[in-house]
Amino acid sequence: MKICLTSNTAWNLAHFRMNHMTALQDMGIEVHAVAPADGYEDRLTDVGIHFHPWKIERRSLNPLKELVSVRRIQKIYSQIKPDLVHHYTVKAVLYGTTAARFAGVPAVVNSVTGLPYIIVSPKTGWTKRLARWVAMRWYGWTVMGKNTHVVLQNHDDLDLLESFAIGVRENATVTNGSGVDLDRFRFARPSGDDKSPVNVLFVGRFLREKGVFELMEAVREMRARKIPFELRMCGGLDPGNRSSVSEEEFEQWKQDGLIDWSGHVDDVRDELVKSDIVVLPSYREGTPRSLLEAMAVGRPLVTTDVPGCRNVVQDRINGLMVPSRTSKELAEALTALVRNEDLRLEMGEASRKMAEDKFDEREVIEQTLQVYRKLSGKMPPIDEWEQEKSPATDPPTPVPA
């Protein structure tokens, strides 16, 4: 059997889907990966995954260029002849599903890790409303149809999707995000000392909808009040995204001393261990992987009361939730945790327990394999794979302070 996973970056597949793909290999399935080549394809081929480069223009809205991208992936699918394809990220879902149907792929799974911003954001002006209408109809078409299944990360996205894709709920599965590898992201007490400023960490791309501008305003307010903390940011600009922070804005933040920038970090575990608080003031998410990893390491979270983010935070239990698109409440929440070490430690322990109880990656992988089994008669029985798996490892041992 052949299964193909498709995304808009090889980095996404190598970083977030590796355990899923190796689980398929353990079942004797031939695994293929389709994505633009970005330097991370070697991580896939090194473990025996067949990689196929797909050239796309991430910023393009030119219909002719978009059709070329669809045609390119159609050719790839026609060459591979997969029994099932699984798409991640917006353009992979839209273009990949269209291509898969033209190529005669028997089964399609689409992961909605957050609905497109053009759909969830309020639009004014007839051109933007028209673009939203077109996007909703196209997106709805991709998640409906024979032998097509959609996997979502929260019920808010499913409710919104059903508003323009009537009946989608019949072929939909909601998982607890992508899960987190609890053996890889182990509990660790913060490594700072009493003399060090409290370390607040942001992990993600520097996009408007991630709340980075509100975060900068909150930092300015806290600096003015002389709150003893530092903000570390792991990630960077995304030139392929229209909502990315500009180089000029980013340079100004650094010059103003608002941030300590770590650059792009492939493995954030060390940064998480050094952190005391993890923040993500997003406008909307599927289920944010950065917060799941922070929970697993045992960190209190500060995030917004929006779809996706509210799935991972119990307010005042393992973190604090604030309204979206506000800086004042964000500054107050961060200040409250910066000033209270005992509360940070208590919430951090609650985060780890919540990660263990709800967000184990192995459970999400098994849910996805059940979806594959439902769609494809060639899928090896899940119970046989369960018997062949090695016994579960003991719970991670906390790392002493």
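Trainee: How many cavities of 30 Å³ or more does the count come to?

Mentor: Rolling a probe the size of a water molecule over the atoms shows where empty space is left. Here the count comes to 3 cavities of 30 Å³ or more. A cavity is a set of points on a 1 Å grid over the protein atoms alone, where a 1.4 Å probe fits but cannot get out. This is a predicted model, in which local features need pLDDT of at least 70 and side-chain atom pairs count only at pLDDT 80 or more, while totals for chains, interfaces and linings use all residues. Residues are numbered from 1 along each chain as its sequence is written, and side-chain values use heavy atoms, with hydrogens and water left out.

Trainee: How much space lies in the largest cavity, and which residues lie nearest its centre?

Mentor: A volume is the space filled by probe spheres set on the grid points, which are joined across faces, edges and corners. For the largest cavity this comes to about 180 Å³. Its lining (residues with an atom within 4 Å of a point) holds 18 residues, and those nearest the centre are Arg 17, Tyr 88, Ser 178, Val 364 and Thr 368.

Trainee: Which helix or strand gives the most to that lining?

Mentor: Helices (H or I, at least four residues) and strands (E, at least two) are DSSP runs numbered from the N terminus. Helix H15 gives the most to the lining of the largest cavity, with 4 residues. Strand S5 (108-112), strand S6 (148-152) and H15 (361-375) each supply at least two. By class, the lining has 7 nonpolar, 9 polar and 2 charged residues; Asp, Glu, Lys and Arg count as charged, Ala, Val, Leu, Ile, Met, Phe, Trp, Tyr, Cys and Pro as nonpolar, and the others, Gly among them, as polar.

Trainee: How many helices and strands does the chain have?

Mentor: There are 16 helices and 13 strands in the chain. The radius of gyration is 21 Å, close to the 21 Å that the globule rule gives for 401 residues, so the chain is as compact as a globular protein of that length. That radius is taken over C-alpha atoms, and the rule is 2.2 Å times the number of residues to the power 0.38. Along the principal axes, the C-alpha atoms fill a box of roughly 60 × 55 × 40 Å.

Trainee: Is Thr 98 buried or exposed?

Mentor: Buried means under 20% relative accessible area, exposed over 50%, and partly exposed in between (1.4 Å probe, protein chains only). Thr 98 has a relative accessible area of 11%, so Thr 98 is buried. Thr 98 sits in helix H5 (residues 90-103). Beyond its neighbours within four places in sequence, Thr 98 is in contact (heavy atoms within 4.5 Å) with Val 70, Trp 138 and Trp 141. Val 70 is 28 residues away along the chain, with 7.1 Å between the C-alpha atoms.

Trainee: Where is Leu 320?

Mentor: Leu 320 lies in strand S13 and counts as buried, at 9% relative accessibility. Leu 334 is 14 residues from Leu 320 in sequence and 8.5 Å away, C-alpha to C-alpha.

Trainee: What is the phi of Arg 316, and what is that of Arg 325?

Mentor: Arg 316 is not a glycine, yet its phi is positive, about 70°. Arg 316 is in the loop between strand S12 (301-304) and strand S13 (319-322), and is exposed at 63% relative accessibility. Arg 325, also not a glycine, has a positive phi of about 65°. Its place is in the loop between S13 and helix H13 (328-338), and at 45% relative accessible area Arg 325 is partly exposed.

Technical notes: On a 1 Å grid over the protein atoms alone, a cavity is a set of points where a 1.4 Å probe fits but cannot get out, and a pocket is an open set with protein on both sides within 12 Å along at least five of seven lines; lining residues have an atom within 4 Å of a point.
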